[in-house]
Amino acid sequence: MPWRALLLSFFLLLFILLLLGPARASGEDSSPRLPAPKDVKVYSYNFHNTLRWSPVKVERGVVLYTVHFKTGAFNQWDEMNCTRIARTECSFPLSLNERLWTFILRVRSELGQMTSDWVETDPFVAERDTTIGPPKVNSVIVSSDSLLISVSPPFESKEGTVQYKVSYWENATTATKEEMWVNNALFKIENLKQMTLYCFTIEIELVKYLHEQIPGLQRIPECYRTPMNETTRVVYIITTFTLVGLVLILMIIGLFFLSRHHKTIKYLCQPPLKIPSHIEEYLRDPSMPHLEALENHPEEALPDSLSVLYFEEGSKAYGDTLAEDTCSHSSSGESEVT
């Protein structure tokens, strides 16, 4: 019957549509797939948030990437100004720099009509997951007993949301660290010793709701030497001039004493007389024969003087002069005997 044929055609068409519907819906999934990005993670430093991932490598073509986001309050994916980009990172726009919001992000790789699976991140909250860097030291004013320090946080903060942990110590091996907590960006380290080297380091802490605190990174130590105070400076100057005056007075007295007694000082400074060696031997042994021979001939007198003449070697006048000297000495000896 015609109505049976129509009914059969209707069911056949409905069956065909049911088969083609899922096939069309899954047509995109049946296309070739790209490798999905790896190491997908949100990096946050001082509330500057960036999504990063490892690049996808293919033999031909340039792989592009698309990033979506959604919040914990709305389960809807939206674009994040990072659609079909070639770089492997995506910074949060200013509209998403909310420190208390919960964000979930996803990224996939694309090449022509081919795409990869979406890779999602863990829920991210900036105030909980960011890394807080050390504060900035703007100035340090050094006095004899204190350090006046001005700092600023590494990010924009409201009053009462941050505090500073200050550690300071005397730069000595046995010194212990002192700690103090301050809420102001301008504070003073007091009760220090004068003319002493002090070091300090500062770290910031973010104060959350219900008095929960997030510590930041510690700043590299800085060292400053305290000067002497005015009283010590005056005493030091007076003592220095007094010592210099005493030294000058002593020098003048010493020079005057040298000028008056220089002969006595010269005599006292002469080396002691040394006994000749033959007399020293005689004193040790008086029975030596050569000294007895000298005692047996007391009449023989030694020459009054001794003259030594020097002539060049080979000089002819040497012999004549020596002979004349010999004769003169003989003649003078004979005349004295007569």
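Guide: Two strands count as paired when DSSP finds at least two bridges between them. Strands are DSSP runs of E with at least two residues; helices are runs of H or I with at least four; both are numbered from the N terminus. This model is predicted: local features need pLDDT of at least 70, side-chain atom pairs count only at pLDDT 80 or more, and totals for chains, interfaces and linings use all residues. Residues are numbered from 1 along each chain as its sequence is written, and side-chain values use heavy atoms, leaving out hydrogens and water.

Visitor: How many bridges join β10 to β11?
Guide: Strand β11 covers residues 147-152 and runs antiparallel to β10. Across this pair, Ile 141 faces Leu 148 of β11. The number of bridges is 6.

Visitor: In the sheet that holds β10, which are the edge strands?
Guide: The sheet is open, with 3 strands in the order β10-β11-β14 and antiparallel pairing. An edge strand pairs on one side only. That picks out β10 (136-142) and β14 (186-189).

Visitor: Which residue takes a positive phi in the hairpin of β1 and β2?
Guide: β1 (residues 38-45) and β2 (residues 48-54) run antiparallel, joined by 6 bridges. Lys 38 stands across from Ser 54 in β2. The hairpin has 2 residues between its strands. The one with phi near 55 degrees is Asn 46.

Visitor: Why does Thr 71 count as buried?
Guide: Thr 71 belongs to strand β3 (residues 64-71). Buried means under 20% relative accessible area; exposed is over 50%, partly exposed in between (1.4 Å probe, protein chains only). Thr 71 counts as buried because its relative accessibility is 16%.

Visitor: Which residues is Thr 71 in contact with, leaving aside neighbours within four places in sequence?
Guide: Contact means heavy atoms within 4.5 Å. The side chain of Thr 71 also reaches the backbone nitrogen of Phe 74 at 3.3 Å. Beyond those neighbours, the contacts are Trp 101, Thr 102 and Phe 103.

Visitor: How far apart are the end C-alpha atoms of residues 234-258?
Guide: An unreviewed UniProt entry lists this stretch as "transmembrane region". The chain there is 100% helix and 0% strand. Its end C-alpha atoms lie apart by 36 Å.

Definitions and conventions: Polar contact = N/O pair within 3.5 Å; in protein donor to acceptor, adjacent residues only side chain to side chain. UniProt positions renumbered as here; feature names shortened; annotations may be inferred.
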